[in-house]
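Colleague: I would like to learn how to read a structure like this one, going from single pairs of residues up to whole chains. Could we take it step by step?

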Amino acid sequence: MDAQPGSGWAESGALSHGEEDYVKEARPKVGFQEKITPMSKLCSLSEAVARYIHDGDCIYLAGFTHLIPFAAGHEIIRQGRKDLTLARATPDLVYDQMVAAGCARKLIFSYMGNPGVGSLRAVRAAIEAGALEIEEYSHFGMITRLQAGAAGLPFLPMKLTAAVDLERSNPNYRRVSDPFTGQEVVVLPPLHPDVAVVHVQRADANGNAHLWGIIGEQKEAAFAARHVILTAEEIVDEAVIRSDPNRTLIPEFIVDAVCHVPFCAHPSYTQGYYDRDNDFYLRWDQLSESPENIRTYLAEWVLGVPDRAAYVEKLGPDLLRRLSVPERPAAPVSYGAY
Amino acid sequence: MADYTASELMTVHAARLLRDGDVVFVGVGLPNLACNLARRTHAPNLYMIYEAGVIGARPSRLPLSIGDPTLVSGAAAVCSMYDVFTLYLQRGNVDVGFLGGAQIDRYGNINATVIGDYQRPKVRLPGSGGSMEIAAWANRCYIITPHQKRRFPETVDFQTSAGFRYGGIERRQVGVRGGGPQAVVTNLGILEPDSSGELILTALHQGVTVAQVQENTGWPLRVAETLRQTDPPTPEELRILREELDPGRIYLG
């Protein structure tokens, strides 16, 4: 495999729109901080979004409830991206906000609720008004598409479920015969987002990333996508990563940009770093009843701040204290000194 | 007069359906409470799996969502979603799944997707999530829902997950491995499938009449030959629900 940074999907055949540009500009030209080498992928989230996310792209902000990169969603809103296809198993509040902000043309999803609370009101209103195209799966269907994309497969089979209406509503669901038994299976094609954004607990400057806790679909989204923007609570020395290689879900050579973004996931959470802001999820349910209130929220908390650091400062020390979590470390393991 | 709410009543009866040692695919809301109640009462060895990929969870507080960090701390294992849906569910390692939705019909089909036409929805609901596959591949499925006529139509507007018969397709002909919906727990009683897969009334809660259930069901409801009367929630069950599991009454209302 071509080991150059950011070389990505050399084997994936048909190039999508923008892919040739991507090959040309795959290696970051600009070092954001002065002390890093010109080859470093470290940059601000704003630079990463400007460089890799374009109008009309299909993007996947990864994370099942956990590690949702809200900061990336907010930056995309600030940069005024349009006509995006937003893919996520659970659109969550981050896509509710992006749909309300006018970033989206289409939604690919498998559960569009506010988890444990209710409905995603902006998304729902857009769909009921016919203003947002949808492509819908079950969770397993959605994840199967990512897994096929990540594995470089043309399709992946699933067993029949006897539920037929979703299959009939989405032409990506097809049936083929199992060549071994002759029985029917359902198949789905791969999903290759233009850009996946994955938030992690820690990464080194090259993009080798440790994540733990719920690991939903981050690895699959990263391997399936054409570009990967990594955001991390901490940037650590490569030696920290190499001390625990089993915890590395994402290797550097599929990563294009590495951004140090503490508290990136709020109101989602980062296991061991800060808690899920359940109060916010409950509050959003009421706030989002009125489009006017959503606009006010976006004006104040997204457009009204330059970046995540300012957002965190605005959240204030009381909230950060409320979301702080006591330590519960794992027992250490030894890999042995061979 | 009953000194418990409809949510408490349904949660308690759902909890009682769980057997010690069951591997349960836990959903959000009342199923979450039911599983945690069962684990604190008659089923201490209940093995809780969450679709977020948490295996053997032992949450120390009520999780608001199925991806809450409290599920992870102290769990037996964490895996990817692809793993949880393949290694655990599709492979046949799950005993019980909980399902929910806006409509459930005569043959146990559930609609969690849309009221009205799919292309031009009157009400757009959250959609399948894990339920399409849970209904197919878990050994037993249970449903907790308030008993109202609009929630119990003769046929669902959209079949998000499969019961026993729908649009000329019979579950057993398709060869899905799971047993399908085994009980629907409502605030009035319990419905269970007969041998043809039709949901019939098998139990009434205290003070409820058959006529009341029929009034709130959208098809001519058949009644089991031996209609049971359920035992009301015990003080201990109510204490655990109110004091330990949902003191803020986020789900109990």
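Modeller: Let us start with one pair, keeping in mind that this is a predicted model: P157(A) has V187(A), a residue of strand 9 of chain A, as its bridge partner.

Colleague: How many bridges join strand 7 of chain A to strand 9 of chain A, and do these strands run parallel or antiparallel?

Modeller: The general idea is that strands of a sheet pair through backbone hydrogen bonds, in either a parallel or an antiparallel way. Here strand 7 of chain A and strand 9 of chain A (residues 184–188) run antiparallel and are joined by three bridges.

Colleague: In what order do the strands of this open sheet lie, and which are the edge strands?

Modeller: The sheet has three strands in the order 7-9-8 of chain A, with antiparallel pairing. Strand 7 (156–158) and strand 8 (174–177) of chain A are the edge strands, since each of them pairs on one side only. On average, and with direction ignored, neighbouring strands of this sheet are turned by 45 degrees against each other.

Colleague: Which helix packs on the sheet?

Modeller: Helix 6 of chain A does, touching strand 7 and strand 9 of chain A, and the direction of this helix makes about 155 degrees with that of strand 7 of chain A.

Colleague: How is chain A divided into domains?

Modeller: Domain 1 of chain A covers 41–151 + 191–321, while domain 2 of chain A covers 155–188. Their centres, taken over C-alpha atoms, are separated by 30 Å, and ten residues of domain 1 are in contact with seven residues of domain 2. On the domain 1 side of that contact, helix 6 of chain A gives the largest share, six residues.

Colleague: How many residues does each chain bring to the contact between chain A and chain B?

Modeller: Chain A brings 42 residues and chain B brings 42 residues. Helix 6 of chain A again supplies the largest share of chain A's side, namely four residues.

Colleague: How do helix 6 of chain A and helix 4 of chain B cross?

Modeller: Their axes come within 9 Å and cross at roughly 115 degrees; angles of 65 to 115 degrees count as roughly perpendicular, and therefore the two helices are roughly perpendicular to each other. The crossing is left-handed.

Note on methods
Residues numbered from 1 in each chain as written. Chains lettered and ligands numbered in written order. Predicted model: local features only at pLDDT ≥ 70, side-chain atom pairs only at ≥ 80, totals over all residues. Contact = placed C-beta atoms within 7 Å. Domains from an automatic or database assignment. Axes fitted to C-alpha atoms, helices over the stretch in contact; angles between N-to-C directions. Parallel < 35°, antiparallel > 145°, perpendicular 65-115°, else oblique. Left-handed = near helix turned anticlockwise from the far one by under 90°. Pairing = 2+ DSSP bridges.
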